[in-house]
Amino acid sequence: MSESGKSRVEGGAMSGRSDSPAVGLGPTAVVLGVFSVVGAWVPALAIVTLPLTIIGGALAAVLGGMGIHHARRGVGRLWAAVAGAALGVVGFYGSTALIWGVGA
């Protein structure tokens, strides 16, 4: 068999590889969750980044949930998806509570 036959493309992906966009959901959720938590709970940053922390927290929670779903099916990292979802929820609720507290 020729060299090109060993690495032929089947279904749009290289045969034998398990790379999928779902693998990146957990780490992306962690990054957005950390940004959201730090932006919501550090007073100097909260003034500037408050709207972005709300959006980042919501995105982290959603992407983390999607990452958990895919990780349970065998694609992706479960620990990163759970951590990203948890950080996203904490950052989202922290930012929202800060807005409600200042507005009251």
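What follows is a short chat about the helices of a predicted model.

User: What elements does the protein chain have?

Analyst: This is a predicted model. The protein chain has four helices and two strands.

User: In what order do the elements run from the N terminus on?

Analyst: The order is α-β-β-α-α-α.

User: How much of the chain is buried?

Analyst: Buried residues account for 28% of the 104 residues in the protein chain.

User: Let's take α2. What span should helix α2 have, and what do its end C-alpha atoms give?

Analyst: Helix α2 covers residues 25-41. At 1.5 Å a residue, its 17 residues should span 24 Å. The end C-alpha atoms are 24 Å apart, which agrees.

User: Which residues of α2 are buried?

Analyst: They are Leu 25, Gly 26, Ala 29, Gly 33, Ser 36, Val 37, Gly 39 and Ala 40.

User: Where do they sit around the axis?

Analyst: On the same side of α2, because they cover an arc of only 170° around the axis.

User: Now the packing. How do α2 and α3 cross?

Analyst: Their axes come within 6 Å and cross at roughly 155°. An angle over 145 degrees counts as roughly antiparallel, so α2 is roughly antiparallel to α3. The crossing of α2 and α3 is left-handed.

User: What classes of residue make up the contact of α2 with α3?

Analyst: The contact of α2 with α3 has 15 nonpolar residues and eleven polar ones. It has no charged residues.

User: And α3 with α4, what angle there?

Analyst: Roughly 150°, with the axes coming within 7 Å. Here helix α3 is residues 43-72 and helix α4 is residues 78-103. That angle makes α3 roughly antiparallel to α4. The crossing of α3 and α4 is left-handed.

User: How do the residues of the contact of α3 with α4 divide?

Analyst: Into 16 nonpolar, eight polar and no charged.

User: That leaves α2 and α4. Parallel or antiparallel?

Analyst: Roughly parallel. α2 and α4 pack at an angle of about 25°, and their axes are 7 Å apart. Angles under 35 degrees count as roughly parallel, which is why the pair is described that way. α2 passes α4 in a left-handed crossing.

User: Switching to single residues. Ala 46: buried or exposed?

Analyst: Ala 46 is in helix α3. Its relative accessible area is 7%, so Ala 46 is buried.

User: How far is Ala 46 from Ser 36 in space?

Analyst: The distance is 9.7 Å, C-alpha to C-alpha. In sequence, Ala 46 and Ser 36 are ten residues apart. Ser 36 is one of the buried residues of α2.

User: What about Ala 71, buried or exposed?

Analyst: Ala 71 also lies in helix α3. Buried means under 20% relative accessible area. Ala 71 has 15% relative accessibility, so it counts as buried.

User: How far apart are Ala 71 and Ala 22?

Analyst: In sequence, 49 residues. In space, 8.1 Å from C-alpha to C-alpha.

User: Then the loop. Where is Gly 74?

Analyst: Gly 74 is in the loop between α3 and α4.

User: Is Gly 74 counted as buried or exposed, and why?

Analyst: Exposed, because its relative accessibility is 62%. The cut-off for exposed is over 50%.

User: Last one. What separates the C-alpha atoms of Gly 74 and Val 23?

Analyst: They are separated by 9.8 Å. Along the chain, Gly 74 and Val 23 are 51 residues apart.

Definitions and conventions:
Residues are numbered from 1 along each chain as its sequence is written. This is a predicted model: local features need pLDDT of at least 70, side-chain atom pairs count only at pLDDT 80 or more; totals for chains, interfaces and linings use all residues. Side-chain values use heavy atoms; hydrogens and water are left out. Axes are lines fitted to C-alpha atoms, for helices over the stretch in contact, and angles run from 0 to 180 degrees between N-to-C directions. Angles under 35 degrees count as roughly parallel, over 145 as roughly antiparallel, 65 to 115 as roughly perpendicular and the rest as oblique. A crossing is left-handed if the near helix is turned anticlockwise from the far one by less than a right angle, and right-handed if clockwise. Ala, Val, Leu, Ile, Met, Phe, Trp, Tyr, Cys and Pro count as nonpolar, Asp, Glu, Lys and Arg as charged, and the others, Gly among them, as polar. The expected span of a helix is 1.5 Å times one less than its number of residues. Buried means under 20% relative accessible area, exposed over 50%, partly exposed in between (1.4 Å probe, protein chains only). The arc is that of the directions from the helix axis to the C-beta atoms.
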